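Let's go through this protein together with a few questions and answers. Take a look first, then read on.

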Amino acid sequence: MNRELSFGYLYDFRNPPAWHRPWSDLYEETLDVVAWTETAGFTGAWVPEHHQAADGYQPAPNIVLGAIAARTKTLRLGSAVALAPLYHPVRFAEECAVLDILSGGRAEMALAIGYRRREYAAYGLEFGDRGRRFDEFLDIVRALWAGETVTYRGRHFTVENATIAPPAPRARIPLYIGGFADRALDRVAKHADGYFGNEEFCDLFAQKLRDRGKNPGDAGIRIQGLFFAVAADPEKAMEELAPYYHYVNNSYGVWLDEDKAIGIDDPMLKPMDLEQFKKSGILQIATPDEAIAKFENMRNRTGVEHFMMMKPAGLPAERFQEYAQFFADTVIPAFR
C-alpha cells in the first residue's frame, strides 16, 4: 500500500504551571502557529479533548476548530479525538456540519470513548455506559450526515424526526474512530471511514475489516506519533525538548492510571522523572534520513495516509516552529 503520506500536528492548548501565561496570549499564539504550519507545508491541524484538567487541556474542540477554519485555507482540520459519548448526537452532527461549511469542506472528525471516569461524572453520566452510548451516538450521527430524517429510541438517546440544516458541503464528514481494545477496533471497522490510533494496532484493524467483508485498502489510516520529532542533532534536541514532552507524558500517565480503563498495563505509561524519561525511548528524535526510512516502512506496512505529531505544552512557539520547519524542509519533500 503506497499511498501519499501527509503530516500535521495536534494542539491541546494546555497551559502548564511551569510555563503558565495569560490564556488569551496562549490561544492567540497557538492559532498563529497553526496558520503558519499551513504555509510551511503541513496539511493537518487536530484538536483533542479532555475535561477537568487543571492545565486547561482543551475542553471545547469544536469552538477552537471554528477559529482554525477562519484562519486557514487548505489545512484539513478536526477533532483528535472528541469524546463522543459526552455529546448529544444531533447537536454534534449540526456543529460538525457548520464547521465543514466554515472550512470549505475540510472537517475530518476523529472520535473515541475516553478513559477517565471523572470526565463522565462531571457530566452526570455513568462511566460504564460509554461504549453503548457511543454506539447509539454513531447510529444517529451517521444517519443525520447521510441526510436522513431520524427517529431513534435507544437506551441513552431518543430523537424524533431529527434532521440537520444546513447540511455539510460533502453530504457526510469523514469519520475516524480511535481505540485499542478488540471491541473498539470492531466498532471502527463497523462505523468509521478510517482508524485513528497507534501503528501496532493497524494489523488488527485490517483483520476486523476483512471479517466484515471490507477491503482494508479502502480505509483511512491516521497514526499518532505524539512523541516524535526530527532534528539535525538528536542528542542536543533531546536536552531542549525533553522537559516539555516529559510533562505531557507524566500527565497522561496519571490519567491512564486513574481507572485503568484503557486495558494496557505498561510500566512505560507510568509517570517517571526527567532522566528516566530521556532514557525511556518514549520521545523519539530522529535524523531526517531515519525519519524518512521510518515513514516509508510505516506507509508500506500499514497504508497510513496521515501522520500526526504534537506541539508539546509549554514549548515556546519560535522553538516549535524551528523544529517544524526543519521537518518540513527535510522530510515532507520525500513524500510528495
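The radius of gyration here is taken over C-alpha atoms, and the globule rule is 2.2 Å times the number of residues to the power 0.38. Keep in mind that this is a predicted model, where local features need pLDDT of at least 70, side-chain atom pairs count only at pLDDT 80 or more, and totals for chains, interfaces and linings use all residues. Residues are numbered from 1 along each chain as its sequence is written, and side-chain values use heavy atoms, with hydrogens and water left out.

Q: What radius of gyration does the protein have?
A: The protein has 336 residues, so a compact globule would come out near 20 Å. The model agrees with that, at 19 Å.

Q: What percentage of the residues count as buried?
A: Buried means under 20% relative accessible area, with a 1.4 Å probe and protein chains only. Of the 336 residues, the share that passes is 57%.

Q: Which residues of helix 7 are buried?
A: Helices are DSSP runs of H or I with at least four residues, strands are E runs of at least two, and both are numbered from the N terminus. Helix 7 covers residues 202-211, and its buried ones are C202, F205, A206, K208 and L209.

Q: Where on helix 7 do its buried residues lie?
A: Look down the axis and take the directions from it to the C-beta atoms. The buried residues fall within an arc of 160°, so they line one face of the helix.

Q: Which residue just after helix 7 takes a positive phi?
A: The angle is about 75°, and the residue is G213.

Definitions and conventions:
Buried means under 20% relative accessible area, exposed over 50%, partly exposed in between (1.4 Å probe, protein chains only).
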